[in-house]
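Work through the exercises below with the model open. Try each task before reading its solution.

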Amino acid sequence: MHRFANPARFHRFSRRVQPGLSLATLLSLGIGLWLALLQSPPDYQQGETVRIMYVHVPTAWLAMAGYALLAALGAALLVWRHPLAALMARAAAPVGASFAAVCLLTGSLWGRPMWGTYWVWDARLTSMVLLSFLYLGHIALSRAYDNAERGDRAAAILALIGVINLPIIKFSVDWWNTLHQPASVARLSGPTIHPAILVPLLWMAVAFLLLFILLVLVRTETEMDRRRLEIAEAA
Amino acid sequence: MNKYAVFIISAYLAVFVILGGLTIASLRARNKTRRALAERGLERRR
């Protein structure tokens, strides 16, 4: 990992993988959408609304994984004071926030026909809203100071404090009596859903994961170039 | 997709608007900074 922590090396690596990653993202997204919208059968309970799950579930996973990444980058910044960690965190926060927003919106659109309401303040939904606020707080804090380094450190501390919310999101459906259903894929005893629904879900998860990585790489490159411009203009 | 079509279409529309918008904005910002660096002769060698 430390090898890629060198900004010049990271920049070269990022530029080299972006074309292939873009192609893989488009391809997996195409296959995922074809399976999700045209090939998968309606669920015996949810009917056609199961198709919303193919975008809702992967975006929820990635919103949580994105925040774990922010916390890891925050630790790298505070412990090793690595500037690349700060730039990548600045790049990743809006991506994670967007995935969290998609998760909340699609969940709400699924909730209306299935639960009869767009929203309930149950533990899973509330902790997910808190995650999106943590993302917004990170974005705001990192840009709130004239001195970028101070902003990055404050955001890193928030990322480390906020990471406690991740197990709360994951286990909220087990710890409290919630309207949201318990885990059906990420379980120690294996998934409980039929392969006809699991396969499109996993294809969409791969497509969104590749998109997430691509966006973080592109945005990190932009942050690095922006910082380079600022230094050149200040000189 | 019957009576639930409006919810399914809205969900996929939200995905394309938010994530598509973010992708376009990210690529445009990257190209803009690349151009700005090139104008100042600071572009990175591949």
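Predicted model: local features only at pLDDT ≥ 70, side-chain atom pairs only at ≥ 80, totals over all residues.

Residues are numbered from 1 along each chain as its sequence is written, with chains lettered from A and ligands numbered from 1 in the order in which they are written.

**Exercise 1.** Determine the secondary structure of chain B.

Count the elements: chain B has one helix and zero strands. Helices are DSSP runs of H or I, at least four residues; strands are runs of E, at least two; numbering starts at the N terminus. Next, take the helix itself. α1 of chain B covers residues 5-39 and reaches 50 Å from first to last C-alpha, close to the expected 51 Å. The expected span is 1.5 Å times one less than the number of residues. Just past α1(B), B:Gly41 has a positive phi of about 70°.

**Exercise 2.** Find which residues of α1(B) are buried and what they pack against.

Apply the cut-offs: buried means 20 or more other C-beta atoms within 10 Å of the residue's own, with C-beta atoms placed from the backbone. Among the buried residues of α1(B) are B:Phe7, B:Ile8, B:Leu19, B:Leu22 and B:Arg30. Then look across to chain A.

**Exercise 3.** Count the residues in contact between the chains.

26 residues of chain B meet 29 of chain A. The chain B side divides into 16 nonpolar, five polar and five charged residues.

Notes. Buried ≥ 20, exposed ≤ 12 C-beta atoms within 10 Å, placed from the backbone. Contact = placed C-beta atoms within 7 Å. Nonpolar A, V, L, I, M, F, W, Y, C, P; charged D, E, K, R; others polar.
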